[in-house]
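Subject: Handover of a structure

Dear colleague,

Please find below the structure that I am handing over to you. My notes on what was found in it follow directly after.

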Amino acid sequence: MRTSRRAFLRCASASVAMLPWSGRAFASGHAQRFEQPLPIPPILAGRVLDGVRTFELAAGRGESRFVDGLVTQTIGFNGAYLGPTLRCRTGESVRIHVKNGLQEQIAVHWHGLHVPARMDGGPHQAIAPGATWSPEFEIRQRGALYWYHAHTMHRTGSQVLRGLAGLLLVEDEENAARGLPAEYGVDDIPLVLQDRRFREDGSFEYISSMHDVMMGYRGDVLLVNGAVRPVLELKRQRTRLRILNGSNARTYTLGRDDGRDLTVIGSDGGLLQAPVTLKLVRLAPGERVELVVDAEEDRQVRLMSFPDITARGFGGMMGMGPDADVFPILQMRSGKLEKANAPLPGRLSSIKGWRTEDSTATRRFTLDMGMMGGMMGRRGMGRGMMGGMGINGLPMDMGRIDVKVPADNIEIWEIANRSPMHHPFHVHNVQFQILDRNGRPPAPVEQGLKDTVVVEAGSLVRIIASFGSYVDAHHPYMYHCHILEHEDAGMMGQFVVV
Ligand code: C2O
Ligand code: CU
Ligand code: CU
């Protein structure tokens, strides 16, 4: 029993030279069985009251069985672990009653949505135990997979780890018009990827050393929608996989075990202009990617994670970062298949982006890890101020506004990473476009709308976005590293739109 749950992520021999898609890398070490059917988070359509689509979310405690029949104390929304998928449409008004049934303070953020800052669910919108918070806003987003998750000051990592996260599925005309698979849980499948460590008694092990803070928390068991080694029975010729990296810190490099191409149709903020085919796609914490899988009858294929060859370790070599493991994510199995209705359109969407000439301001954000001095120095290891982490030399301070953005500004933000590891940088309230990485345009798969971008070690990424017109001088939005241990340790700042 023990070996079965230890072996998931182990593959010490993973190395860059291994041509991960050759199909040999995992032949020996990854013969574990996949038997659990993939659970699909329940979908909520809410109730329309006076024209407002209204949802109820209640955070509470529960018990989950993830590994070897062990019981894990978890928290979730409307259930033991994670939450329901909230479904709504572009242009609708929604109201979400978030009840905190826990004994600790929470905050619940709508990741990827453009909403007034008071409704954003950052650390300033804390919900006391027993209280209910009822934000209301209009969905001004393109159709895409967004998500909601805990965002409590210094507690985000711990609360997301224990289960406070869920999906937000926004639908729109464009998606409907493309004839893409759209039956939730049948041919439109959400996948939430999260890695976890367990103690012998079944409880989650969270931060156990400074290493977990500095590198971010990594687990040795992968949960997909809360299940270990799940199987998805494909029922149709074509399936849409909408994948969220809901992990605290791990980056996945997705690929197929049979060496075939992935077909990517969407990123954080919705459909790409055109499908992109490639062998591997990197997915950092907070990011989403949408794939289309065209299956053949009577086949099995595995979605895998391969080494992140773009990562550096603290030793500074490419491919030697903390995400070098090779492991299977999901087994897909097909028997007889219902025919797909149409060929995949060559053109999916048109994204009207922004040109550098349109921008009215350029700002620079430098991500700091403070390194060794910071580990012991500064304010020490207490009170979540760890590792000397910050942005532009300052750790997060809820009482300090770092940036004032004039309403409707189109701005270029330059994100500089001087540290020896990558950081997925996330900006609230906007969907941005990546202008360039070290002066070079991003790969096609990164040319769609994004709300989170990997800033590789030692690199400079420029993004451009329009900040919209939700003016509020008193309620800030956040920008931060989406490695939750880094966020909690201070790699976060605040901006207001004025
Ligand atoms: Cu997904 Cu500020 O968070
Ligand atoms: Cu966010
Ligand atoms: Cu970081």
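Ala 80 is partly exposed, because its relative accessible area is 27%, where buried means under 20%, exposed over 50% and partly exposed in between, with a 1.4 Å probe and protein chains only. Ala 80 sits in the loop between β5 (71-77) and β6; strands (E, at least two residues) and helices (H or I, at least four) are DSSP runs numbered from the N terminus. Beyond four places in sequence, Ala 80 is in contact with Gly 62, Glu 63, Ser 64, Thr 74 and Ile 75, contact meaning heavy atoms within 4.5 Å. Its C-alpha atom is separated by 10.0 Å from that of Arg 65, 15 residues apart along the chain.

Please note the basis of these values: this is a predicted model, in which local features need pLDDT of at least 70 and side-chain atom pairs count only at pLDDT 80 or more, while totals for chains, interfaces and linings use all residues. Residues are numbered from 1 along each chain as its sequence is written, chains are lettered from A and ligands numbered from 1 in the order in which they are written, and side-chain values use heavy atoms, with hydrogens and water left out.

As to confidence, the mean pLDDT of the chain is 90, and 90% of its residues reach 70 or more; pLDDT is the predictor's confidence in each residue, from 0 to 100. It stays under 50 over residues 1-31, for which the model has 66 contacts beyond four places in sequence. Residues 372-385 also stay under 50, with 20 such contacts. Where pLDDT is low, the predicted coordinates should not be read in detail.

His 423 counts as buried at 0% relative accessibility, and His 486 counts as buried at 0%.

His 109 is buried, with a relative accessible area of 1%, and His 426 is buried at 0%.

Strand β8 also belongs to an open sheet of 5 strands, in the order β2-β6-β12-β11-β8 with mixed pairing; two strands pair if DSSP finds at least two bridges between them. Its edge strands, β2 (43-44) and β8 (108-111), each pair on one side only. Strands β6 (residues 85-89) and β12 (residues 165-171) run parallel and are joined by 4 bridges, with Cys 88 opposite Val 170 in β12.

Yours sincerely
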